[in-house]
Amino acid sequence: MTLTRRHTLLAGMAAATAALLPLRAVASVDEAIAEFTGGADLGSEGITLTAPEIAENGNTVPIEVAAPGATAIMLLAAGNPNPDVGTFNFGPLAASQRASTRIRLAGTQDVIAIAKMADGSFARASQEVKVTIGGCGG
Amino acid sequence: MTRAFAPGLTTALTAVALAGFTGAAAAGPGPDEDQLVINGEIEIVTEAEAPAHMEYVDTVYSGWRFRSDETQAVQMDDFDNPAMIWVENAMEDWETVEGAAGESCASCHGDVEELRGVRAVYPKWNEEAGEVRTLEMQINDCRETRMEAEPWKYSGGDMINMTALIASVSRGMPVNVAIDGPAQSTWEQGQELYYTRFGQLELSCANCHEDNYGMMIRADHLSQGQINGFPTYRLKNTKLNSVHARFRGCIRDTRAHTFAEGSPEFVALELYVASRGNGLSVEGPSVRN
Amino acid sequence: MADGVKPRVKVPKTAAAGEAITIKTLISHKMESGQRKDGDGNTIPRSIINRFVVDFNGENVIDVTLEPAISTNPYFEFEATVPESGEFTFKWFDDDGSVYEETKAVEVG
């Protein structure tokens, strides 16, 4: 085929998008985790993340995190333009280290929760949430 | 009435578009089997025998039955349901004196509970005015005639909040709009509109909500397009949506010029669509995707 | 202060001493993410609630950092221990400097 200017531009844009976006997002997820954990190892026990397998709308996705004995739980959405979602810090009068909220997901992606335990260790849980695109703009 | 059937090609294309990409969705065909009880006490009928006037459907289902468990759950508790924020705002309007007559809604109606049952029978023939009126038209008539206040915009914030409040006190009661007598000609006009194909996509209400409910339209689980749950809080735009705003959205999506909110066409269509839900419970303000 | 902001909280009126109670909170707020553009293509500036703090008789229950990925009308559900009769305070901190406050008393019987 003849390579027109338009084709070249499109190909260039596609390559740039493919190359840059995922890398940038992944890097900032790693940065956010490193900032929270100080680079400590992540276990996988003692933390539960509950999220729908499929969300009917990415605007309002119900999420619950629980990590008995944690002092804080950080939530990340790996595929959002800014992966930070929020951090729950549990005080002395928290009856459990569990909380629910509703979050925005820009598309199908992994939701990640990192718990900071009272002993200084960290645990990680993640789940993929598929975000559907409605049939109608209605 | 006679149904306008589609030219073959359009039908085939529509069927492919509607049924084609079901792979990614968890929901199976048709409504689910869940039961809706709000606040652990208001039992909602979400499935009923279709009214006698419906020729092509045996059972009617609330749109709630087509939503995911997570979306359904938000409607099951008034605290979780964000629509109730605006219901509370409407409570303040209910008590607020406005207009030259020095009246509020409460001055005449007392407690809003006094209007229990009203949502269930609207749109309704108004003898004095000689027209079928939606709840919004009746509210504005109260504002202009009784309160001597400015009417609200048909789908404006104040209006939709008030319709949510008035619907909320009728939750659990069966929708029961009259379609005979003086309302009949308006109802027939609404039926005509329901089966009329609009727009470049040549889709009628029936093409999606009667012929294909329960199927996936891309990743969306098509409901019967019932309006017993209106106004509805949509996760999509995180606000209350009126029936006419929804009609407008649907017709726009067929790539047609649409009717205006509060137009005679939409009043007629609302009466007809409401009558397709006769027997389902009033559910508004509901929660949908 | 952003328009139409209204906090709601659901707390049981009574509890047993030391009992774990469930608290739900919802505040009407746009949570403008800073990612959206208006009709003219200009970015709509971020305007969110960035922190939510719950205390009981001056002692902390939960302290949440919110980012723009928290949905419109932020909703939280969590559990608190009520050691004695007293008062919960709920504070939402807006980007614009506003603080929205709500209090709820709980009677320990």
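**Ground rules**

I number residues from 1 along each chain as its sequence is written, with chains lettered from A and ligands numbered from 1 in the order in which they are written. In this predicted model, local features need pLDDT of at least 70, side-chain atom pairs count only at pLDDT 80 or more, and totals for chains, interfaces and linings use all residues; side-chain values use heavy atoms, with hydrogens and water left out.

**Entry 1: chain A**

I began with the elements of chain A and found one helix and nine strands. Helices (H or I, at least four residues) and strands (E, at least two) are DSSP runs, numbered from the N terminus. Along the sequence the pattern reads α-β-β-β-β-β-β-β-β-β.

Next I looked up burial: 45% of the 138 residues in chain A are buried. Buried means under 20% relative accessible area, exposed over 50%, and partly exposed in between (1.4 Å probe, protein chains only). Chain A exposes about 6800 Å², and carbon and sulfur atoms supply 57% of that. Those accessible areas come from the Shrake-Rupley method with a 1.4 Å probe; for residues, only the protein chains shown count as cover.

I also checked contacts (heavy atoms within 4.5 Å). Of the contacts in chain A with a separation of 6 or more, 62% are between residues 24 or more positions apart.

**Entry 2: where chain C meets chain A**

What does each chain bring to this contact? Chain C gives 29 residues and chain A gives 26 residues. Together they bury about 2300 Å², 49% of it on carbon and sulfur atoms. Buried area here is the accessible area (1.4 Å probe) that two parts lose on being put together, summed over both.

I then counted two salt bridges between chain C and chain A. A salt bridge is a side-chain nitrogen of Lys or Arg within 4 Å of a carboxyl oxygen of Asp or Glu. The side chains of C:Glu79 and A:Arg98 form a salt bridge, at 3.8 Å from N to O. On the chain C side, strand 3 (19-28), strand 5 (59-66) and strand 6 (75-82) each supply at least two residues that touch chain A. Strand 5 of chain C gives the most to that side, with eight residues.

**Entry 3: where chain B meets chain A**

Here 25 residues of chain B and 15 residues of chain A take part. The two chains bury about 1700 Å² between them, 50% of it on carbon and sulfur atoms.

I found A:Glu56 and B:Arg67 joined by a salt bridge at 2.8 Å, N to O. Helix 2 and helix 10 (243-253) of chain B give two or more residues to the side that touches chain A. Helix 10 gives the most, with four residues.

**Entry 4: B:Phe79**

Is B:Phe79 buried or exposed? I read 7% relative accessibility, so B:Phe79 counts as buried. B:Phe79 lies in the loop between helix 2 (69-75) and helix 3 (83-95) of chain B. Beyond neighbours within four places in sequence, the contacts of B:Phe79 include C:Arg8, C:Val9, C:Lys24, C:Leu26 and C:Tyr75.

**Entry 5: more salt bridges**

A search of the whole structure gave me 26 salt bridges over all chains. B:Glu88 pairs with C:Lys6, their closest N and O atoms being 3.8 Å apart. This pair crosses between chains, from helix 3 of chain B to strand 1 (residues 6-10) of chain C. B:Glu88 is partly exposed at 31% relative accessibility, whereas C:Lys6 is buried at 19%.

Within chain C, the salt bridge of C:Arg46 and C:Asp95 has its closest N and O atoms 2.9 Å apart. The two partners are 49 residues apart and link distant parts of the chain.

**Entry 6: cysteines**

Last, how many disulfides are there over all chains? I found zero, with a disulfide taken as a pair of cysteine sulfur atoms within 2.5 Å. B:Cys108 is in no disulfide, and its nearest cysteine sulfur, that of B:Cys142, is 7.1 Å away. B:Cys108 counts as exposed, at 55% relative accessibility.
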